[in-house]
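Trainee: I have a new structure to look at, and I would like to learn how to read it. Could you walk me through it?

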Amino acid sequence: MSRVIALAGNPNCGKTTLFNRLTGSSQKVGNWPGVTIDRKEGRIKAIGAVLVDLPGIYSLSPYSPEEVVSRDFLLDSRPDAIINIVDATNMERNLYLTSQILDMGIPTVIALNMMDTVRRDGTVIDTEKLSKALGCRVVGISALKGEGMDELLEAISSAGETPKPVRLSDPLEKSISEISGKLEGKVPDGHLRWYSVKALERDVLAIERIGESWEEISEIIDDLEKAEDDESDSLVASERYSSISDVVVSSVKTKRASGGYTTSDRIDRIVTNRWLGLPIFAGVMFLVYYISITTVGGWGTDWVNDVFFGEWTIPGAAAWLESMAVDPVLTAFIVDGLIAGVGAVLGFLPQMLVLFVLLVILEDSGYMARIAFVMDRVFRRFGLSGKSFIPILIGTGCGVPGIMASRTIESERDRRITAMTTTFIPCSAKLPIIALIAGALFGGSALVALASYFIGVLAILLSGIILKKWPSLSGTPSEFIMELPPYHIPGVATVIRSTFEKGWAFVRKAGTFILLACGIIWFLSAFDWSMSMVGDINDSMLADIGNAITWIFVPLGWGDEWQFSVGTITGLLAKENVVGTFGVLFGFSEVAESGDEIWPIIGAMLTPIAGFSFLAFNLLCAPCFAAIGAMRRELGTWKATGAAVLYQCLLAYAVSMVIFQIGSLLMYGTFGIWTVAAFATVALAAYILVSKEPFARARQKISEAAA
Amino acid sequence: MNFATIAVGLAVAAVLVFATYCSVRSFRNGKCSGCKECGKCKRR
């Protein structure tokens with residue numbers, strides 16, 4: 001059986017980068033804490049071992065669910081060895097976890113990462129001295145540049161000795177020894193020291209596992225606390241830091257005078273400034289969308305639509321099938337259904353790739369971690385914390401990992417609210433809808449994309465207030481402590497790999513699920529209920545289905561045309577389907593033949609306000625099935641998931657109705673019963689936002705049920 | 001129905017069956033979208 005090696009360390013110290021380096025994998029890496037939320041396995045072929053990458057932890061007393069994953073793995077699976085990766089630029093804090101890992105009695109190798117940065121700063125670390133002081137092998141590495149990998153692999157292969165734990169003061173060691181006596185035979189032998197120290201710290205999870213012996217142990221701790229006049233956990237932490245400080249002083253020589261400003265500090269003084277932080281962020285996001293939608297990405301999309309599909313693929317496929325005398329129905333199915341639908345979606349790939357490149361650069365440089373810090377100030381006013389911004393950040397790629405990233409939030413209530421609202425932020429699948437509406441109705445303006453992003457943020461903030469007033473979700477926001485990683489120039493390989501993987505996932509989805517959906521949409525739009533091919537699409541099965549539901553969307557301004565209702569419904573399966581459906585229904589395949597494009601057709605069917613209302617609804621309503629499945633996992637029950645989806649749909653409906661009705665009143669002077677309904681919705685929202693107890697009756701019912 | 005229609009029809013059917021298989025597998029595999037960001041796709 002292969003040896004199992006665990007990779008453990010603080011958040012954002014380079015664990016996943018090292019994991020990828022050692023196993024040849026390409027797992028997601030990011031320059032902010034909390035990228036890894038579940039354990040991952042890979043094989044180190046050079047030594048025939050299995051490497052397990054664990055979520056980052058600051059100590060072995062976890063607070064959030066993903067931290068529990070790490071501790072439980074180390075305790076219960078008892079790996080053959082641990083690679084404890086330590087950020088060499090921040091040794092004291094990282095070695096705090098090391099001191100706890102050494103208590104576990106598992107052979108450990110310390111990988112001192114970011115040695116290239118340490119050298120650049122003029123700091124010298126004596127790894128030999130450090131190794132002697134800590135009682136285990138220490139190897140200097142740079143996971144990003146691949147330095148020290150051979151030595152690390154050699155150290156892992158030969159790791160077999162049980163490390164000696166960090167020694168604390170005599171009174172503490174005496175108490176630990178007494179506790180060990182009580183726990184002997186009741187906990188695994190290898191973990192005796194670890195359980196004893198954790199019991200001394202009154203660690204809740206350790207106490208649960210210790211069970212009956214706790215009463216006797218508690219007396220030992222009470223005696224120690226009386227004698228030392230301090231709480232036991234503070235005593236242990238203080239002793240650990242004191243030992244670590246001694247180790248660092250003896251083995252590290254720093255060149256730079258403390259107290260000076262680094263380049264990162266200087267940049268942070270501007271980008272995290274109380275007044276400038278948000279405007280700078282808005283400017284950066286505008287630039288990102290401007291480059292990806294209007295300029296570079298826009299040119300690429302124009303080429304793919306007009307030349308690749310318009311001149312080459314569609315006419316080429318049609319001509320080839322015709323020359324082979326393939327049945328016209330099958331030709332129409334392939335050209336007007338499959339190629340037109342998938343082509344309409346893939347046309348946006350260049351814009352998405354440019355967006356991915358820019359977002360990866362922002363993430364990897366460390367800027368996005370600063371935005372979480374800036375947003376904390378804003379989010380806190382609305383009942384959430386900056387921790388809720390991390391899932392949002394991840395959700396700009398795909399809502400599924402965004403929802404899963406809500407696990408990094410300690411407070412269960414905040415975690416649930418974040419899981420319910422993360423998909424409000426436009427994910428990559430929604431970008432084609434944004435680009436389509438921007439192109440068809442707003443001359444391709446990047447402001448539409450920026451507005452979509454901030455509508456998502458605003459919806460999250462307003463939902464924070466509304467949901468925090470709901471009895472089962474109320475409570476103070478989680479504390480937000482986040483280490484700001486130093487800025488660095490993003491690695492070219494990371495940017496290319498991350499962009500390629502996201503782009504490939506999009507292409508794969510278009511080639512499988514979207515292809516299938518487009519086939520079904522074409523079939524339903526080409527035949528009537530008696531299975532006869534229709535000349536006019538308005539006589540088709542799909543038109544009947546669309547017309548049966550389209551009245552629901554009349555107050556939102558796009559209910560008169562059934563195609564938009566059908567697009568919205570197919571978007572519930574996957575958001576790319578909205579554009580794929582339009583590609584089939586509005587004849588994307590006819591671009592080349594008639595010179596007419598899909599955008600002017602949509603532009604002629606909707607007013608700009610109705611188009612924006614359609615966009616807002618599709619951004620905020622229930623996400624795709626995959627994201628709903630992820631929400632179900634995080635929320636725990638289908639009932640809660642159903643309630644979350646209902647909330648999302650109601651909010652989307654309300655926002656879209658307000659945009660269309662009040663927008664139409666202001667722009668065209670249109671007034672009707674739905675304008676009144678829109679104003680009533682605004683008044684209701686204002687009441688819920690301002691009132692201290694808007695859901696008093698619900699609270700009372702819950703209290704009665706509990707009683 | 002000529003040979004070309006049958007051949008192209010079978011090829012399209014095969015592509016659609018494969019697309020269905022991939023879509024169903026993707027959803028059954030933890031209802032994921034296959035974006036690879038969470039690490040589940042490569043977890044063994």
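Mentor: Gladly! Let's begin with a term: helices and strands here are DSSP runs, a helix having at least four residues and a strand at least two, and they are numbered from the N terminus. Met114(A), for instance, lies in the loop between strand 5 (108-113) and helix 4 (115-120) of chain A. Please keep in mind that this is a predicted model.

Trainee: What is the phi of Met114(A) like?

Mentor: Met114(A) has a positive phi, about 65°, although it is not a glycine. Asn12(A) is another non-glycine residue with a positive phi, of about 55°. Asn12(A) sits in the loop between strand 1 (3-9) and helix 1 (15-23) of chain A.

Trainee: How many helices and strands does chain A have?

Mentor: Chain A comes to 33 helices and eight strands. Chain B has one helix and zero strands.

Trainee: Now the overall form. What does the radius of gyration say about chain A?

Mentor: The idea is to set the value, taken over C-alpha atoms, beside a rule for globules. For 707 residues a compact globule would have a radius of gyration near 27 Å, and chain A agrees with this because its own value is 29 Å. Along the principal axes, the C-alpha atoms of chain A fill a box of roughly 90 × 65 × 50 Å.

Trainee: And what share of the contacts joins residues at least 24 apart in sequence?

Mentor: Take the contacts in chain A between residues at least 6 apart in sequence: 72% of them join residues at least 24 apart.

Trainee: How should I read burial?

Mentor: A residue counts as buried under 20% relative accessible area and as exposed over 50%, with partly exposed in between. In chain A, buried residues make up 59% of the 707 residues. In chain B, they make up 34% of the 44 residues.

Trainee: Is Phe671(A) buried or exposed?

Mentor: Phe671(A) is exposed, because its relative accessible area is 57%. You will find Phe671(A) in the loop between helix 31 (638-668) and helix 32 (673-690) of chain A. Not counting residues up to four places away in sequence, Phe671(A) touches Leu665(A) and Val676(A).

Trainee: Why does Pro65(A) count as partly exposed?

Mentor: Because Pro65(A) has 29% relative accessibility, which lies between the 20% and 50% cut-offs. Pro65(A) belongs to helix 2 (residues 65-77) of chain A. With residues up to four places away set aside, Pro65(A) touches Arg407(A), Ile409(A) and Arg415(A). Val296(A) is likewise partly exposed, at 42%, and is found in helix 14 (residues 296-323) of chain A.

Trainee: Which residues have the most contacts inside the largest nonpolar core?

Mentor: That core has 150 residues, and those with the most contacts inside it are Phe281(A), Tyr289(A), Phe379(A), Phe389(A), Phe582(A) and Ile602(A). Look at Ile602(A): beyond its neighbours within four places in sequence, Ile602(A) is in contact with Leu436(A), Ala440(A), Leu441(A), Phe564(A), Phe582(A) and Phe586(A). Apart from this core lies another, of 36 residues, among them Leu97(A), Ile101(A), Leu172(A) and Ile221(A).

Trainee: Last topic: how many positive and negative side chains does chain A have?

Mentor: Here Lys and Arg count as positive, Asp and Glu as negative. Chain A has 58 positive and 73 negative side chains, and the centres of the two sets lie 5 Å apart.

Note on methods: Residues are numbered from 1 along each chain as its sequence is written. Chains are lettered from A and ligands numbered from 1 in the order in which they are written. This is a predicted model: local features need pLDDT of at least 70, side-chain atom pairs count only at pLDDT 80 or more; totals for chains, interfaces and linings use all residues. Side-chain values use heavy atoms; hydrogens and water are left out. The radius of gyration is taken over C-alpha atoms; the globule rule is 2.2 Å times the number of residues to the power 0.38. Buried means under 20% relative accessible area, exposed over 50%, partly exposed in between (1.4 Å probe, protein chains only). Contact means heavy atoms within 4.5 Å. The place of a charge is taken as NZ of Lys, CZ of Arg, CG of Asp or CD of Glu. A nonpolar core is a set of buried Ala, Val, Leu, Ile, Met, Phe, Trp, Tyr and Cys residues joined through side-chain atoms within 4.5 Å.
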